[in-house]
Amino acid sequence: MLLKDQIVLVTGGGSGIGLELSKQLAALGNTVFICGRNVEKLKAAEQAYGLKVVPADVTFAEDQQAVLKAIETAHGRLDLLINNAGVLHAYDFASQEDAVSRIESEIGINAIAPVTLAKRALPLLSLSQAPAILFVGSGSAYVPVAGAPVYSGTKAFIHHTAQGLRHQLKDVGISVFEVLPPVVATDMGTAMTSRNLKVMEPADLVSDILKGLASDTLEMVPGQSRQLRLLSRIMPGYLFRQIAKTRFH
Ligand SMILES: NC(=O)c1ccc[n+]([C@@H]2O[C@H](COP(=O)([O-])OP(=O)(O)OC[C@H]3O[C@@H](n4cnc5c(N)ncnc54)[C@H](OP(=O)(O)O)[C@@H]3O)[C@@H](O)[C@H]2O)c1
């Protein structure tokens, strides 16, 4: 797909992978809208990189609609929706007192919101000449991380859902991309340690994602995720036990 003069929405674009994606896409000459819950982070990104900011919690239908409305009013179309916002909660399922609220938060933000936002964005995407959706999944779709079971489950959900939507939306001309990153050095990624995991820098990941978008690589498997994909097929039990050693802090 073209990566210039596009109207792009990046959820969770105020920090981490989303901010790096937004910066690099804006630098290529695209108009980039970002949303998130922390208004101070969004404002800082707006001032530093000329991004368009709409404060929003992606789990609320009215917030999703407000973001889409802002883009519709300003540009009348959306070319690329990047479903990036996500949370990872590591907890002991049996003993954690507030496990239920963490479960609901992970499933709401990581699984339900990307799909409902994609559905609500379809009318605006259909006004683009070459519309696309990118789901930011995770290598944990290939192998669950035992310390973050619900997070891993949401990313397996995204992996399956992206494949089904790719097949369905081809008929209406919408390209569905997915990237399955390994551990990335962001607030989320630096909260885990394991000698089995190789950490990728956000700038390197985004450089791979932009190459993948430009070359219409619909499923992108960067860095160590390629190894995880292979091992999950040939020795899943061994891989599971190694990744289960990951520690969260
Ligand atoms: N870092 C890794 O190791 C890694 C590996 C594989 C995949 N991923 C995936 O990559 C994506 C980005 O992760 P990251 O590492 O950049 O994490 P991060 O640094 O923690 O950033 C997450 C972003 O999501 C936003 N967000 C969270 N909940 C939201 C909500 N309800 N509504 C709107 N925005 C929300 C946050 O902004 P606010 O707090 O302001 O809302 C923040 O900007 C996630 O989907 C994650 O699962 C990360």
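This is a predicted model: local features need pLDDT of at least 70, side-chain atom pairs count only at pLDDT 80 or more; totals for chains, interfaces and linings use all residues.
Local features require pLDDT of at least 70 and side-chain atom pairs require pLDDT 80 or more, while totals for chains, interfaces and linings use all residues. Residues are numbered from 1 along each chain as its sequence is written, and side-chain values use heavy atoms, without hydrogens or water.

Helices (H or I, at least four residues) and strands (E, at least two) are DSSP runs, numbered from the N terminus. Two packed helices are described by the angle between their axes and the distance between the axes. Axes are lines fitted to C-alpha atoms, for helices over the stretch in contact, and angles run from 0 to 180 degrees between N-to-C directions. Angles under 35 degrees count as roughly parallel, over 145 as roughly antiparallel, 65 to 115 as roughly perpendicular and the rest as oblique.

Helix H4 (residues 99-125) crosses H5 at roughly 15°. Their axes come within 9 Å. H4 and H5 are therefore roughly parallel. Contact means heavy atoms within 4.5 Å. On the H4 side, the contact is made by Ile103, Glu106, Ile107, Asn110, Ala111, Pro114, Val115 and Leu122. H5 contributes Val150, Tyr151, Thr154, Phe157, Ile158, Thr161 and Leu169. By class, the H4 contact with H5 has 11 nonpolar, 3 polar and 1 charged residues. Here Ala, Val, Leu, Ile, Met, Phe, Trp, Tyr, Cys and Pro count as nonpolar, Asp, Glu, Lys and Arg as charged, and the others, Gly among them, as polar.

Helix H1 (residues 16-27) packs on H6 at an angle of about 55°, with the axes 9 Å apart. The pair is therefore oblique. The crossing of H1 and H6 is right-handed. From H1, Ile17, Glu20, Leu21, Gln24 and Leu25 take part. They meet Pro202, Ala203, Leu205, Val206, Ser207, Ile209 and Leu210 of H6. The contact of H1 with H6 comprises 9 nonpolar, 2 polar and 1 charged residues.

Helix H7 (residues 225-234) and helix H8 (residues 236-243) pack at about 130°, with axes 6 Å apart. That angle makes H7 oblique to H8. Leu228, Leu231, Ser232, Arg233 and Ile234 of H7 contact Pro236, Leu239 and Ile243 of H8. Of these residues, 6 are nonpolar, 1 is polar and 1 is charged.

Several loop residues were then considered. Buried means under 20% relative accessible area, exposed over 50%, and partly exposed in between (1.4 Å probe, protein chains only). A polar contact is a pair of N or O atoms within 3.5 Å; within protein, one must be able to donate a hydrogen and the other to accept it, and residues adjacent in sequence count only if both atoms are side-chain atoms.

Serine 138 lies in the loop between strand S5 (132-136) and helix H5 (149-169). Serine 138 is buried, at 9% relative accessible area. A polar atom of its side chain lies 2.9 Å from the backbone nitrogen of serine 140. Beyond four places in sequence, serine 138 touches Tyr151, Lys155, Val179, Leu180 and Pro181.

The loop between strand S6 (175-179) and strand S7 (192-193) holds threonine 190. Threonine 186 lies in the loop between S6 and S7. Threonine 186 is buried, with a relative accessible area of 13%, whereas threonine 190 is partly exposed at 48%. The backbone oxygen of threonine 186 is 2.8 Å from a polar side-chain atom of threonine 190. Leaving aside neighbours within four places, threonine 186 contacts Gly16, Ile17 and Pro202. With the corresponding exclusion of residues up to four places away, threonine 190 touches Val184, Ala185 and His249. The C-alpha atoms of threonine 190 and phenylalanine 248 are separated by 8.8 Å, though 58 residues apart along the chain.

Serine 215 lies in the loop between H6 and S8. Serine 215 is partly exposed, at 47% relative accessibility. Its side chain reaches the backbone oxygen of lysine 211 at 2.9 Å. Aspartate 216 lies in the loop between helix H6 (202-214) and strand S8 (219-220). Aspartate 216 is partly exposed, at 45%. Its phi is positive, about 55°, although aspartate 216 is not a glycine. Aspartate 5, in the segment before strand S1 (7-11), has a positive phi near 60°.

Definitions and conventions:
A crossing is left-handed if the near helix is turned anticlockwise from the far one by less than a right angle, and right-handed if clockwise.
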